[in-house]
2 protein chains.
Amino acid sequence: MTLPYGKRTMTKNNLILGMALTDGYGNLRGAWRAPNVDPSNYVNIEANIRYAQAAERGKFAFLFTPDFPAVRADVERAPISNIIEPLISLTAISQATSRIGFVATGSTTFQEPFNQARQFKALDVLSHGRAGWNAVTTSDPAVAANYGRPVAERTERYQRAHESIQIVQALWGSWEKEAWIKDQASGRFADPSKLKPINLQGEYVASRGPLPIPPSEQGQPVIFTSGGPSPHLLSIAGRYASGFISEVWTIEEARAQRAMVRRAAEEAGRDPDEIKYIVGLMTTVAPSVREGLDRRIAIAGDTLTAQVPHLAAMLGVQLQHSQLDQPLTPEQLAAAQASPMDPRSGPALEVARQGWTVRDILAHGVIDYHPVTVGPAEVHADHLQEWFEAGAADGFWLSPDVYEDGVDAFVDHVVPLLQERGIYPTEYPGRTLRENLGVPELYGLDPRVTSGEDS
Amino acid sequence: MTLPYGKRTMTKNNLILGMALTDGYGNLRGAWRAPNVDPSNYVNIEANIRYAQAAERGKFAFLFTPDFPAVRADVERAPISNIIEPLISLTAISQATSRIGFVATGSTTFQEPFNQARQFKALDVLSHGRAGWNAVTTSDPAVAANYGRPVAERTERYQRAHESIQIVQALWGSWEKEAWIKDQASGRFADPSKLKPINLQGEYVASRGPLPIPPSEQGQPVIFTSGGPSPHLLSIAGRYASGFISEVWTIEEARAQRAMVRRAAEEAGRDPDEIKYIVGLMTTVAPSVREGLDRRIAIAGDTLTAQVPHLAAMLGVQLQHSQLDQPLTPEQLAAAQASPMDPRSGPALEVARQGWTVRDILAHGVIDYHPVTVGPAEVHADHLQEWFEAGAADGFWLSPDVYEDGVDAFVDHVVPLLQERGIYPTEYPGRTLRENLGVPELYGLDPRVTSGEDS
C-alpha cells in the first residue's frame with residue numbers, strides 16, 4: 001500500500017509570491033490605454049508569456065488566473081477583465097517557462113468533474129508537475145445564463161462543490177504512484193491492481209473512472225480555493241485545499257482569516273501548515289511615492305475622479321469635485337470616520353489625515369479590490385514583510401498596475417530586497433508547484449477525503 | 001451588416017494532409033515497445049511536439065486528435081490509445097509550431113457548449129487562427145460512466161449535438177468582425193452593437209452569451225465531424241462541417257461516402273466544395289515492401305499472429321498457426337472469398353492471391369482501422385494520388401506506424417514525390433487553418449444556420 005503523502009519540502013526563506021494574470025493590460029483602470037501598452041494584448045498570448053517569464057525570473061511560485069466567464073455590461077468602455085480562458089492560456093504559457101506554477105480558476109458549478117480532472121491533470125503532466133486548481137463555486141447570474149441555468153442556491157452549490165472536488169481528486173489518484181509500469185521488455189504497460197475505477201456517485205455529479213492519465217512529477221495538481229471565509233467555503237478549504245486565495249484589506253482581517261483557514265484544516269484532520277494563506281496586493285513600483293501616484297493618475301485619469309462620491313461615502317463626509325486637488329478641510333477631517341462596513345475606509349482615512357489631496361487619495365487605490373502599495377521598492381518590501389511576519393499571510397498574489405513594465409519593476413527592484421532581508425528564496429526550492437509552495441506531494445487516494453461520509 | 005463569408009482561398013495543388021496524434025507511440029501494435037521509442041512518450045509533450053514539427057515541415061494542414069476518454073480493459077498489455085487530452089495537448093503544441101492546424105475531437109454529449117466554445121476559440125486566438133473542432137456524439141458506455149450518466153439514445157444524442165454546435169457557432173460569431181475597437185485614444189474598447197448575446201435555448205443545452213473572446217485571424221474555428229455516414233451524422237456534416245473525417249477501406253466506399261457528404265452540404269444550402277472529405281491511411285515507409293513488412297513484424301510480433309482466426313473468418317477459410325510462414329494453399333485460395341460484410345476482406349484476399357504468407361498478409365495491416373500502405377515512397381504516393389484523382393478524397397489523415405521515425409520518413413520521402421507530381425503544395429497556402437484547407441473564413445453569425453428551425 002502506497003502512503004499518499006510523501007516528503008515535505010520546507011525552506012527557510014519561505015514567503016510565497018504568485019501573480020495574477022488577467023486581461024493582458026494590468027489592474028489599474030485605463031491600463032489598456034497606457035502609451036506603452038498594445039491594446040491587442042488581451043488576445044496576445046505572447047504578452048502573457050513575457051509577463052510569466054518575468055515573474056519566473058523573480059522566482060514566483062505561481063501564476064493565478066481569476067475567472068469570470070461572461071462579458072460585463074461596460075464592455076464599450078472597459079476591457080474584459082480576465083484572461084480569455086484560464087487552462088488554455090496557462091497551458092500555452094507552460095511551454096515557455098520551466099519552474100513557475102499555474103493555478104487556474106475552475107468552477108465546480110458548471111463543469112463536469114471528469115473533464116476538469118482530465119484537463120488539469122493533462123496540464124500537470126505536460127508542465128512536469130506545475131498545475132493547480134482554484135476550485136470555486138459560481139453564483140453570478142450572468143455566468144449561469146451562459147450555461148442556460150438559473151443560479152443554484154448556496155447549499156446546492158456547495159454540495160456539488162464537495163462532490164466535484166472529491167471526484168476530481170479521486171480521479172487524479174486513480175493511478176497509484178507505481179501503477180504505470182511501461183516495461184518494454186515484458187510488455188506490461190500498467191498494473192491493473194494499482195489503476196482502478198473510483199465509482200463515486202454524488203447527488204449532482206458522478207464518475208466511474210479511472211482517469212486515463214498517470215501521475216505527474218508532483219503526483220497530482222494542487223487544490224486551491226478562494227473567496228470570503230464563509231463556513232461553506234471553509235469546509236472546502238479545510239478538507240481539500242493546499243492554498244487559499246483571499247481578498248482582505250488589513251493585517252487584522254488577514255490574521256483572523258488565516259487562523260480560520262488553518263483551524264478548518266485542523267478540524268479536517270490535516271496539518272495546518274499544509275494550507276497556504278495567500279493575500280492580494282496591487283503594486284505600483286516607482287522611484288518615489290509621488291512619481292508612483294503621478295503614474296497612476298496619468299493612466300487611470302477620469303476613472304479615478306469618478307470615484308469621489310464613493311470615497312465621500314466611505315469617510316462619511318461631503319466631497320466636491322472642485323476639491324480634487326485639495327486635501328480634506330480640517331472640518332471634513334474632524335467629521336470623517338472610517339465606515340465599519342468597509343475595511344478599506346481605515347487606510348483611506350489614514351492618508352487623508354496625512355494631508356493628501358482627494359485625487360492622490362483616490363490614486364492610491366483606496367477603493368480597489370486589495371491593498372495597494374505605491375512607491376519605491378522599500379514600500380512594497382515593507383508591506384510584504386510586515387504582513388508576513390505578523391502571521392497575516394504565507395504569501396501574496398500580486399496584481400501589477402500595468403503588466404507591460406510593472407512585473408519587471410517588481411522583479412528587478414522589490415524581489416532583491418526581499419531576498420536581502422532573508423524572507424524570500426533566491427532560487428526555486430524545487431521543480432514542482434508542490435515543492436515551491438512547500439506542500440507535500442500527493443499520490444493515490446487521500447484516505448482523509450475518501451473516508452468521509454460525504455463521499 | 002457584415003457578410004459572414006469572406007474570400008475563398010483555393011490552391012491548384014490542393015491535396016490536403018493531416019496527421020493523427022494519438023498515444024505518442026504509433027498506430028502499429030507494439031509501437032510503444034519498439035527499440036527507438038521512449039515508453040514514457042504517452043506523457044511527453046516534447047515527443048508530440050517533435051512529431052508535429054516534422055508534420056509541419058511536410059506542410060501538413062492539420063493535426064487531428066481522436067479521443068476516447070476512458071481507460072480500456074486491456075491496459076495491462078496495451079497502451080491507452082489516445083492523447084492524454086486533446087485541447088490541452090494541442091494548445092501546448094501550438095506554441096512550438098506556426099502553420100499547422102489543430103483539429104481536436106470534442107463530444108457534444110458530455111460537454112457544456114459554453115465551455116467548448118470558449119476553449120476552442122481561446123486556442124484559435126492564441127494559435128493565430130489554427131483551431132478546428134471535430135464535433136462528435138458519444139455512445140460508449142465506458143465513457144458515459146465517467147460522466148455518471150447512462151448512454152443517451154441516438155435521437156437525443158443528435159438533437160443535443162445540433163443544439164450544441166449551433167450554440168458554439170453562435171458564441172464564436174457573437175463578435176462581428178469589427179466589434180473589437182480597442183481604440184486607446186477614444187477609450188472605446190468594443191462596439192456593443194456588434195457584440196451581442198445569442199440567447200439560444202435548446203431542449204438539452206442553452207446559452208445567453210456573448211463569448212468573452214473576439215475573432216481570431218480566421219474568424220472562428222473550423223468545424224469537422226467524423227464517423228460513418230448515418231443520416232444523423234450527415235445532417236450534422238451537411239449543415240455545419242467544413243471537414244469530414246472518415247474511416248473507409250476502399251476507393252468505391254470512399255467515393256460513395258464523399259458524394260453523400262457533398263450532397264448533404266448541398267441540401268443544407270452550401271457549396272459542396274466547402275466540406276473536405278478526409279480519409280484515413282496508416283503508413284510504413286521503408287526502402288522496400290519486404291523491409292517494410294519486416295519492420296512491422298519485428299514491432300508488432302505476437303499481436304499479429306493473434307489475428308490468424310480473424311483473417312480466417314474474413315476469407316472464409318480454415319487457417320492454422322503452423323501455416324504462418326506459408327502462403328495459402330491452392331485449395332484455400334480456391335475456397336476463399338472476400339466477406340461482403342467486411343470491406344477489408346477484398347484487399348486481404350488480393351495479397352493472399354499474390355502468394356503472400358499468412359504472416360505477411362497480417363503484417364500488411366489488413367485487419368486495421370484504415371488502409372495500410374507499406375514500402376517505398378512510390379507505394380504511398382501512388383495510393384494517395386489514386387484515391388485523390390478518383391474523387392475518393394479531398395485529403396488524408398495519416399497514422400504513422402511509429403511516430404518516432406515514421407513521420408520523418410513520410411515527410412522526407414513521400415511528400416517530395418507528391419510535390420513533384422503536382423498534387424501537393426510546396427508551401428503552406430496561408431497562415432490559418434481555413435486558408436490551408438481551402439474553406440472560407442467565417443465571422444459573425446452564419447445566417448444559414450441560425451435561421452434554421454432547430455435554433
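**Close-up 1. B:A92 and the rotation axis.** B:A92 is the residue of chain B that comes closest to the rotation axis, with its C-alpha at 2.6 Å. The same surface serves both copies, as 100% of the contact residues of chain B recur in chain A; contact means heavy atoms within 4.5 Å. This is a predicted model, in which local features need pLDDT of at least 70, side-chain atom pairs count only at pLDDT 80 or more, and totals for chains, interfaces and linings use all residues. Residues are numbered from 1 along each chain as its sequence is written, chains are lettered from A in the order in which they are written, and side-chain values use heavy atoms, with hydrogens and water left out.

**Close-up 2. Superposition of the two chains.** Chain B is superposed on chain A by a rotation of 180° with 0.0 Å of shift along its axis, at RMSD 0.0 Å. The two copies are thus related as by a two-fold rotation axis.

Close-up 3. In chain B, the loop between β4 (131-136) and α4 (141-146) holds B:T138. Helices (H or I, at least four residues) and strands (E, at least two) are DSSP runs, numbered from the N terminus. B:T138 counts as buried because its relative accessibility is 12% (buried: under 20% relative accessible area, 1.4 Å probe, protein chains only). Leaving aside neighbours within four places in sequence, B:T138 is in contact with B:S107, B:T109, B:F110, B:V143 and B:R157.

**Close-up 4. Domains of chain A.** Chain A comprises domain 1 (16-285 + 379-450) and domain 2 (308-366), with bounds from an automatic or database domain assignment. Their C-alpha centres lie 35 Å apart.

Technical notes:
Buried < 20%, exposed > 50% of the residue type's maximum accessible area, 1.4 Å probe, protein only. Least-squares fit on C-alpha atoms with pLDDT ≥ 70 in both.
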